[in-house]
Structure formats: structure tokens, C-alpha cells
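The sequence and the structure are shown first.

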Amino acid sequence: MNASQLKTYVIRPTLQRLDLWSESAEKLLLGTIAHESAGGEYLHQIGGPALGIYQIEPPTHQDVWENFLRYRSGLMLKIQDLIPPGHRKRTHGGWVCGSDSLLITDLTYATAIARVIYLRAPLRLPEPDDMQGLADYWKKYYNTPLGKGTTEKWLADYATHVGES
């Protein structure tokens, strides 16, 4: 996918709608797409459960709703407004969330969930010109220390698929 168009037509408007836009968040999400799905080439993890251009696993998706959004009603309602009819499901706690398939089929919804994954992190986002800091943030809070991804590969994928710094 074209990174510039993703930024202009999906990422920025979604984050602005949620009042979560920053240049750092935008770059972090672009880097996440670049690394996790080779710039949007893969919509389902080969040999694994992760879904969409952000490669979000269904249990992580569920956890976002059960253990974060349910306690932030304003943000929860904004994201619920993104869920198209027919794609609403109830969580174990009784909250309405989007179906896992939306992580593949709905770029706006997937972007919102990916941003919330980062929002749960206790530290502020790095500055937008701190590419190493953004890579480290991705590793710690998205890929996790147990994940196979490396910051070096994230940076290389960002350069390949996004091209800007």
C-alpha cells in the first residue's frame, strides 16, 4: 500500500477523529504497518493468528476492549461509532466491540485499535524525529520483549515502505 495515502486518508483522519493525533503517533503507526505486514502486503499472518495491516492478534483485540476501553467511555464510544452494522459483538464483559474480521477489512477500525494498543503504554511517545526511539517504543509496547522482531528490522522496513524519516 502507498504509505503517503495511508497517512493522508486513513491514519491522520482516524487519529484526529479520536483526538489522538500526533506526528509521533502517525509515524509509529506507519512503521508498524511497514514492519508487521510489509507495508500492507499481508492481511493475515502466515502460520499465525495476527490480522490486518497492523497484524493484531484476536486476544490482543479482545484485551483492548476488556481491560482498557471499557474504563474510558469517551474513547470507547468514539471507536464503537466506527463499527459498521453487522460487525458488532459482545465481549465477555458485555461491552460492544468490533468483530476480529474488521482488523482485516476496515482500515479505520484497525488503525484505531492499533493506536489504542500504544495508548496503553505508560510512557509518552518519542519525538517524531527520534526514529530509534519510535522503533524502541514499537519493540517494547507492540512487539514486546518476547517478540521476534528487532528495532533494526523495524527501521529498515520503515525506510523501505515509508521512505521518509
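## Helix H3 and its surroundings

Helix H3 has as its buried residues His-61, Gln-62, Val-64, Trp-65 and Glu-66. The model under discussion is a predicted one. The partners against which the buried residues of H3 pack are H4, strand S1 (88-90), strand S2 (96-98), H5 and H6.

Among these partners, H6 can be described in geometric terms. In general, a pair of packed helices is characterised by the angle between the two axes and by the distance between them. For H3 and H6, the angle is about 70 degrees and the axes are 10 Å apart. The two helices H3 and H6 are therefore roughly perpendicular to each other. On the H3 side, the contact is formed by Thr-60, His-61, Val-64 and Trp-65, and on the H6 side by Tyr-109, Ile-113, Val-116 and Ile-117. By class, the contact of H3 with H6 comprises six nonpolar residues, two polar residues and no charged residues.

When neighbours within four places in sequence are left aside, Val-64 is in contact with Leu-69, Ile-113, Val-116, Ile-117 and Arg-120. The C-alpha atom of Val-64 is separated by 9.4 Å from that of Ala-114, a residue 50 positions away along the chain. Ile-113, for its part, touches Ile-56, His-61, Val-64, Trp-65, Ile-79 and Leu-103, not counting residues up to four places away in sequence.

## The nonpolar core

In soluble globular proteins, nonpolar side chains tend to be buried together. Which residues have the most contacts inside the largest nonpolar core? They are Tyr-54, Trp-65, Leu-69, Ile-79 and Ile-113, in a core of 49 residues. Two or more residues are supplied to this core by each of helix H1 (3-17), H2, helix H3 (58-67), helix H4 (73-80), helix H5 (102-105), helix H6 (107-119), H7 and H8. H6 gives the most, with eight residues.

## Helices H2 and H8

Lys-27, Leu-28, Leu-30, Gly-31, Thr-32, Ala-34 and His-35 of H2 meet Lys-153, Trp-154, Asp-157, Tyr-158 and His-161 of H8. The contact of H2 with H8 contains five nonpolar, four polar and three charged residues.

Is Lys-27 buried or exposed? Lys-27, a residue of helix H2, is buried, its relative accessible area being 5%. Tyr-158, placed in helix H8, likewise counts as buried, because its relative accessibility is 2%.

The table lists C-alpha separations for residues discussed in this report.

| Residue pair | Separation along the chain | C-alpha to C-alpha distance |
|---|---|---|
| Lys-27 and Val-162 | 135 residues | 9.1 Å |
| Tyr-158 and Gly-39 | 119 residues | 8.5 Å |
| Val-64 and Ala-114 | 50 residues | 9.4 Å |
| Thr-150 and Trp-138 | twelve residues | 9.4 Å |

## Loop residues

Thr-150 occupies the loop between helix H7 (131-143) and H8. With a relative accessibility of 35%, Thr-150 counts as partly exposed. The side chain of Thr-150 reaches the backbone nitrogen of Lys-153 at 3.1 Å, and Lys-153 is one of the H8 residues that meet H2.

The loop between H2 and H3 contains Ala-38 and also Gln-55. What is the phi value of each of these residues? Phi of Ala-38 is near 55 degrees, a positive value in a residue other than glycine. Phi of Gln-55 is near 50 degrees, again a positive value in a residue other than glycine. As for accessibility, Ala-38 counts as partly exposed at 23% relative accessibility, whereas Gln-55 is buried, with a relative accessible area of 10%. The cut-off that places these two residues in their classes is 20% relative accessible area, under which a residue is buried.

Methods:
Residues are numbered from 1 along each chain as its sequence is written. This is a predicted model: local features need pLDDT of at least 70, side-chain atom pairs count only at pLDDT 80 or more; totals for chains, interfaces and linings use all residues. Side-chain values use heavy atoms; hydrogens and water are left out. Contact means heavy atoms within 4.5 Å. Helices (H or I, at least four residues) and strands (E, at least two) are DSSP runs, numbered from the N terminus. Ala, Val, Leu, Ile, Met, Phe, Trp, Tyr, Cys and Pro count as nonpolar, Asp, Glu, Lys and Arg as charged, and the others, Gly among them, as polar. Buried means under 20% relative accessible area, exposed over 50%, partly exposed in between (1.4 Å probe, protein chains only). A polar contact is a pair of N or O atoms within 3.5 Å; within protein, one must be able to donate a hydrogen and the other to accept it, and residues adjacent in sequence count only if both atoms are side-chain atoms. A nonpolar core is a set of buried Ala, Val, Leu, Ile, Met, Phe, Trp, Tyr and Cys residues joined through side-chain atoms within 4.5 Å. Axes are lines fitted to C-alpha atoms, for helices over the stretch in contact, and angles run from 0 to 180 degrees between N-to-C directions. Angles under 35 degrees count as roughly parallel, over 145 as roughly antiparallel, 65 to 115 as roughly perpendicular and the rest as oblique.
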